[in-house]
Amino acid sequence: QVQLVQSGGGLVQAGGSLRLSCTTSGRPSRSYDMCWFRQAPGKEREFVAAIYWSGDATYYADSVKGRFTISRDNTKNSLYLQMNSLKPEDTAVYYCAAKASTYNIGTYYRYLADSNYWGQGTQVTVSS
């Protein structure tokens, strides 16, 4: 069993930055491909970014490409999302998630919507 505990988030003005963290426990994070999703009020859950188990590949939604950076530190069993140039439309609850790696660096990001493990969610609010 794997537990994901999130930290970070909060309220920031448009153009500002925030960093989200997600720490895994129970099993080493290096066994998992990991990602971030978000859900705004009244909207469906939306993919944000993904990272391969080794950190050698990342994948982003077009809406955040160039502004957000996903990274991980497997020595600390931690996942991060650095969010820069934030916009009001980035306002949402953000969730980290983990899925046992497919060990396919070309397609791993396609399967993360049905991740086995999810964090508790953290609110990000961007004011205009």
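1. **Ground rules.** This is a predicted model, so local features need pLDDT of at least 70 and side-chain atom pairs count only at pLDDT 80 or more, while totals for chains, interfaces and linings use all residues. Residues are numbered from 1 along each chain as its sequence is written, and side-chain values use heavy atoms, with hydrogens and water left out.

2. **Overall fold.** You'll find zero helices and eleven strands in the chain. Helices (H or I, at least four residues) and strands (E, at least two) are DSSP runs, numbered from the N terminus. The radius of gyration of the chain is 14 Å, close to the 14 Å that the globule rule gives for 128 residues, so the chain is as compact as a globular protein of that length. That radius is taken over C-alpha atoms, and the rule is 2.2 Å times the number of residues to the power 0.38. The C-alpha trace spans about 40 × 25 × 25 Å along its principal axes.

3. Of the 128 residues, 45% count as buried. Buried means under 20% relative accessible area, exposed over 50%, and partly exposed in between (1.4 Å probe, protein chains only). Take the contacts (heavy atoms within 4.5 Å) between residues at least 6 apart in sequence: 60% of them join residues at least 24 apart.

4. **Aromatics.** A search of the whole structure turns up nine aromatic pairs. Rings of Phe, Tyr and Trp (its six-membered ring) pair if their centres lie within 6.5 Å; planes under 30 degrees apart count as stacked, over 60 as edge-to-face and the rest as tilted. Phe 37 and Phe 47 have ring centres 5.6 Å apart and planes at 75 degrees, so they are edge-to-face. Phe 37 lies in strand β4 (residues 32–39) and Phe 47 in strand β5 (residues 46–51), so the pair ties together parts ten residues apart in sequence. Phe 37 is buried, at 5% relative accessibility. Tyr 52 and Trp 53 make a tilted pair, 6.1 Å centre to centre with 55 degrees between the planes. Here Tyr 52 is buried at 7%, whereas Trp 53 is partly exposed at 26%.

5. **Backbone angles to look at.** Most residues other than glycine have a negative phi. Asn 77 has a positive phi of about 50 degrees; it is found in the loop between β7 (68–73) and β8 (78–83) and is partly exposed at 24%. Ser 85 also has a positive phi, near 50 degrees. Ser 85 is found in the loop between β8 and β9 (92–100), partly exposed at 42%.
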